[in-house]
Amino acid sequence: MTNNTKLIEGKDFEIIQGLPDCLIGDLIKNSLCLSDTDLQTTSDRKRFNSVESINEWKKKGRTIYTLKDLKTNELLGIFWFGKKEIELKEPEANLNIDYKNYSHTFAMRLYGRLRGVGMFKELTVKILDKYINSGNYDNTGFWGESHHGGMVKVCESIGMKQVSAKKIDTSKITSNLDNPEVVFIIDDKTIKANIKEFKDLANY
């Protein structure tokens, strides 16, 4: 049964910049869970399958944010960002992309009791805001890629646009395995304006 109780930052969980050693074991365990269909279209089982693979991944210089359960000390999520040239595996559709306007990529995962409680958008807005105001962001916009309908839906809700030739219909999300991998983008000016609006409206 899904627990629909919304968690409160500072009471139920905290957002930490970085990946503390105490959460690495949980990251490995979650990434190797064969029953987790949300991870079946990601590279997490290779990327996070051991301490050694995680240390190798960290050499890429990603800016990492983790979510820690304040009651159980378990990992509830991980978000990461980094500068990387946008990759389009298929011709883009109806849009001429100026690559320099979309140079930061990101990914996000939720686990445990942060799943299914309607907080994906709120957490994405909060952590994007942290990254934008960090010294690692240079005002050059974002892009991402995913098969995950829920992630794409959240990204669309904060103003990102799918630009792949094949798109995911987020109004009727099916199995992630049935979805094409899509690329989505948002420029610097738009993401900053949208985050400010969401924060003001929701009092994040």
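In what order do the seven strands of the open sheet stand? In this predicted model, for which local features need pLDDT of at least 70, side-chain atom pairs count only at pLDDT 80 or more, and totals for chains, interfaces and linings use all residues, the order is β1-β2-β3-β4-β5-β7-β6, with mixed pairing. Residues are numbered from 1 along each chain as its sequence is written, and side-chain values use heavy atoms, with hydrogens and water left out.

Strands are counted as paired if DSSP finds at least two bridges between them. Since β1 (13-17) and β6 stand at the edges with a single partner strand each, one side of each is left without a neighbour in the sheet. β5 and β7 are joined by five bridges in the antiparallel sense; I186 in β7 is the bridge partner of F142.

The protein has six helices and seven strands, where helices (H or I, at least four residues) and strands (E, at least two) are DSSP runs numbered from the N terminus. Along the sequence, these elements follow the pattern β-α-α-α-β-β-β-α-β-α-β-β-α. The radius of gyration is 17 Å, close to the 17 Å that the globule rule gives for 204 residues, so the protein is as compact as a globular protein of that length; the radius is taken over C-alpha atoms, and the rule is 2.2 Å times the number of residues to the power 0.38. Taken along the principal axes, the C-alpha atoms fill a box of roughly 45 × 35 × 35 Å.

Of the 204 residues, 48% are buried, that is, under 20% relative accessible area (1.4 Å probe, protein chains only). Among contacts (heavy atoms within 4.5 Å) between residues at least 6 apart in sequence, 70% join residues at least 24 apart.

In α1 (residues 21-31), the buried residues are L23, I24, D26, L27, I28, N30 and S31. Their cover includes α2 (44-47) and α3 (51-58), together with β2 (63-69) and β3 (75-83). In α5 (residues 149-157), G149, M151, V152, V154 and C155 are buried. Elements covering these α5 residues include the strands β4 (104-110), β5 (142-146), β6 (161-162) and β7 (182-186), as well as helix α4 (120-132). An α-helix has 3.6 residues a turn, so residues three or four places apart point the same way. After α5 comes G159, with a positive phi near 105°.

Conventions: Buried < 20%, exposed > 50% of the residue type's maximum accessible area, 1.4 Å probe, protein only.
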